[in-house]
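Please read the points in order, with the model open beside you.

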Amino acid sequence: MDSDGVYKRVNVNKVIKNIQKNNTDITESKAQEIAYIMIKELNKKVAAMVNDFENGEGDFMACYFDAVDKNII
């Protein structure tokens with residue numbers, strides 16, 4: 001997965017809003033800094049999930065059985 005794989009999907013403004021909602025003492029600038037760090041961490045987790053999936057691990061079998069149930073396979 002490319003390094004900005006999750007960035008394209010995450011609405012940074014919503015993340016910033018939720019950070020400030022959970023801690024009203026944080027400035028918007030600090031919330032933005034935290035949001036980008038959080039998104040980088042999320043990207044690492046998603047990349048690991050994709051890697052596991054491609055190797056037949058993680059949610060691979062659950063997705064396989066969902067596909068079978070939908071008569072795709």
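1. Terms and basis. Buried means under 20% relative accessible area, exposed means over 50%, and partly exposed lies in between (1.4 Å probe, protein chains only). E33 is one example: its relative accessible area is 44%, so E33 is partly exposed. The model is predicted: local features need pLDDT of at least 70, side-chain atom pairs count only at pLDDT 80 or more, and totals for chains, interfaces and linings use all residues. Residues are numbered from 1 along each chain as its sequence is written, and side-chain values use heavy atoms, leaving out hydrogens and water.

2. Overall layout. The chain has three helices and zero strands. Its pattern along the sequence reads α-α-α. Helices (H or I, at least four residues) and strands (E, at least two) are DSSP runs, numbered from the N terminus. Helix α1 covers residues 12-22. Helix α2 covers residues 28-54. Helix α3 covers residues 60-69.

3. Surface and contacts. Of the 73 residues in the chain, 15% are buried. The chain exposes about 5900 Å², and carbon and sulfur atoms supply 52% of that area. Accessible areas come from the Shrake-Rupley method with a 1.4 Å probe; for residues, only the protein chains shown count as cover. Contact means heavy atoms within 4.5 Å. Among contacts in the chain with a separation of 6 or more, 44% join residues 24 or more positions apart.

4. The core. Which residues form the largest nonpolar core? There are eight: V12, V15, I16, I19, I26, A31, A35 and I39. The elements that give two or more residues to this core are α1 and α2. Helix α1 gives the most, with four residues. A nonpolar core is a set of buried Ala, Val, Leu, Ile, Met, Phe, Trp, Tyr and Cys residues joined through side-chain atoms within 4.5 Å.

5. Start with I16, in helix α1. Its relative accessible area is 7%, so I16 is buried. Leaving aside residues up to four places away in sequence, I16 touches E28, A31, Q32 and A35. I16 and A31 are 15 residues apart in sequence, and their C-alpha atoms are 5.4 Å apart in space. Now take A35.

6. Salt bridges. How many salt bridges does a search of the whole structure find? The search finds two. A salt bridge is a side-chain nitrogen of Lys or Arg within 4 Å of a carboxyl oxygen of Asp or Glu. One joins the side chains of K30 and E33, at 3.6 Å, N to O. K30 and E33 are three residues apart in helix α2, so about one helical turn separates them. K30 is partly exposed, at 40% relative accessibility. Another salt bridge joins the side chains of E41 and K44, at 3.2 Å, N to O. E41 and K44 are also three residues apart in helix α2, and about one helical turn separates them.

7. A nonpolar patch. F53, F60, M61, Y64 and F65 make a nonpolar surface patch of about 450 Å². Patches are made of residues with over 30% relative accessible area and no salt bridge: like charges are joined within 9 Å, nonpolar side chains (Val, Leu, Ile, Met, Phe, Trp, Tyr) within 5 Å. Helix α3 gives the most to this patch, with four residues. F53 lies in helix α2, and F53 is partly exposed, at 36% relative accessibility.

8. Aromatic pairs. Rings of Phe, Tyr and Trp (its six-membered ring) pair if their centres lie within 6.5 Å; planes under 30 degrees apart count as stacked, over 60 as edge-to-face and the rest as tilted. By this rule there are two aromatic pairs. One is Y64 with F65: their ring centres are 5.4 Å apart and their planes lie at 75°, so the pair is edge-to-face. Y64 is partly exposed, with a relative accessible area of 34%. F65 is partly exposed too, with 47%.
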